[in-house]
Amino acid sequence: MAIRVLTTRGELPGSGLCRLAGAADLVPWHGTGRPAPEDLAALAPGSTAVLALGNDPVDAALLDAAGPSLRVVALASMGFDNVDRTAAAERGVVVTHTPGVLAETTADLTFALILAARRRLGAAAASLARGDWDLFRMDDYLGLDVHGATLGLVGYGQIGRTVARRAQGFGMRVLHHDPYAAEADALSTPVDLETLLAEADIVSLHVPLTAETRHLVSHRELAAMKPTATLVSTSRGGVVDEEALLTAIRAGTLHSAGLDVFEREPMGAELSPLAAEPYVVTLPHIGSATERTRAAMVDLAVDNILDVLRDRPARTPLPGTASAYERPVSGSRS
Ligand code: DGY
């Protein structure tokens, strides 16, 4: 019987989908906007694999709609908060993501946001585009320095460390807070979260969205930051309480923010009020968006699917999940 793979997009960067099409029948979703869970479920029956992006809902209903043929959900993303991992584990479905291929590109964008927010690039570029530049003024678009500042990294995994490397070139002092990386290294000093929030000029978030990190930055944390500080996030929108951030920005108790990720994505025409704030730079989740990196993410997702189809361990399973498909003992699959 032909192998079916549900792909949540009909086209993806690079040649990964073509390789996959050589090994399986692809069943792509072709709608507009964000795919609704029921639309994906309608395409899922009989699928052996699902290839999804980091924003696509992969819930228990989708896994059940695919049925017992389903062996692997391969994400073309590092983030995995869109997947019901418990439901996947209960059904013996391998879940994979894409570490190792996007840290450098995402670290580049983190620095772009740091620079844009502190040097007020968005507001300055918009004013030029409006034709508002009639005189050179010494006090137009005054920002805050990035070089020599203290950078606080919340989360010190692949991306956090890669950002720390870039910070050396800006002569920055780097602190990090990460319960899983409590050691100092040549780039950064571990501190508790309170110290990081109090001392950092720039707080940059590099944690996955989990039950523990949801609204990790809310009123209390924002109040603990310097009024001259900048908050930057390239992780997941849910890590920041956006309403609390808006309050802090409007009250002037926080200098600025640079956000690539939001609690509600995509936003469509109904923009987050943060997008209209002059001291906030907002981007549509483009942290890993270079041609090479997005193609590498798709390639890795496809390799993970092919590994499982060939009864090999997936190369980048999510931590804490099975690396290879093991059929659950009879009756355990509810
Ligand atoms: C990731 O890889 O998690 C990026 O945010 C794209 O989803």
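Leaving aside residues up to four places away in sequence, Val174 touches Leu151, Leu153, Ala164, Ala167, Gln168, Leu187, Ser188 and Thr189, where contact means heavy atoms within 4.5 Å. Before we start, note that this is a predicted model, in which local features need pLDDT of at least 70, side-chain atom pairs count only at pLDDT 80 or more, and totals for chains, interfaces and linings use all residues. Residues are numbered from 1 along each chain as its sequence is written, and side-chain values use heavy atoms, with hydrogens and water left out.

**Exercise 1. Which strand holds Val174, and is Val174 buried or exposed?**

Step 1. Val174 is found in strand β7. Strands (E, at least two residues) and helices (H or I, at least four) are DSSP runs numbered from the N terminus.

Step 2. The relative accessibility of Val174 is 4%, so Val174 counts as buried. The cut-offs are under 20% relative accessible area for buried, over 50% for exposed, and partly exposed in between, with a 1.4 Å probe and protein chains only.

Step 3. Now try a distance: Val174 and Thr189 are 15 residues apart along the chain, and their C-alpha atoms are separated by 6.5 Å.

**Exercise 2. Find the order of the seven strands in the open sheet and its edge strands.**

Step 1. The order is β8-β7-β6-β9-β10-β11-β12, with parallel pairing. Two strands pair if DSSP finds at least two bridges between them.

Step 2. β8 (189–190) and β12 (280–282) are the edge strands, each pairing on one side only.

Step 3. Walk along the sheet from β6. Four bridges join β6 to β9, and they include Leu151 with Ile202 and Leu153 with Ser204.

Step 4. Four bridges also join β9 to strand β10 (residues 230–233); here Ser204 has Val232 as its partner, and Leu205 has Ser233. Right-handed means that, with the strands pointing away from the viewer, the path from the first strand over the helix to the second runs clockwise.

Step 5. β10 then pairs in the parallel sense with strand β11 (residues 256–259) over four bridges, with Gly258 as the partner of Val232. Helix α10 (residues 242–251) carries the chain from β10 to β11, again as a right-handed crossover.

**Exercise 3. Which residues of β9 lie on each side of the strand?**

Step 1. Recall the general rule: in a regular strand the side chains alternate between the two faces of the sheet.

Step 2. In β9 (residues 202–205), Ile202 and Ser204 are on one side and Val203 and Leu205 on the other, and all are buried.

Step 3. Repeat this for β10: Thr230 and Val232 point one way, Leu231 and Ser233 the other way, and all are buried.

**Exercise 4. What covers the buried residues of α7, and at what angle do α5 and α7 cross?**

Step 1. List the buried residues of helix α7 (residues 158–169): Ile159, Gly160, Thr162, Val163, Ala164, Arg166 and Ala167.

Step 2. Their cover includes α5 (103–118), β6 (150–154) and β7 (173–177). α7 lies across β6 and β7, running at about 170 degrees to β6. Axes are lines fitted to C-alpha atoms, for helices over the stretch in contact, and angles run from 0 to 180 degrees between N-to-C directions.

Step 3. The axes of α5 and α7 come within 8 Å and cross at roughly 55 degrees. The two helices are therefore oblique to each other; angles under 35 degrees count as roughly parallel, over 145 as roughly antiparallel, 65 to 115 as roughly perpendicular, and the rest as oblique.

Step 4. Among the residues making this contact are Ala103, Thr106 and Phe111 of α5 and Ile159, Thr162 and Val163 of α7.

Step 5. Just after α7, look for Gly171, which takes a positive phi of about 60 degrees.

**Exercise 5. Find the strand order of the five-stranded open sheet and the helix that lies across β1, β3, β4 and β5.**

Step 1. The order is β2-β1-β3-β4-β5, with parallel pairing. The edges are β2 (25–28) and β5 (94–96), and the twist averages 20 degrees from one strand to the next.

Step 2. Strand β1 (residues 4–7) pairs with strand β3 (residues 47–52) over four bridges, with Leu51 as the partner of Thr7.

Step 3. The helix is α11, running at about 165 degrees to β3. Arg292 belongs to α11 (residues 291–309), and Arg292 counts as exposed because its relative accessibility is 74%.
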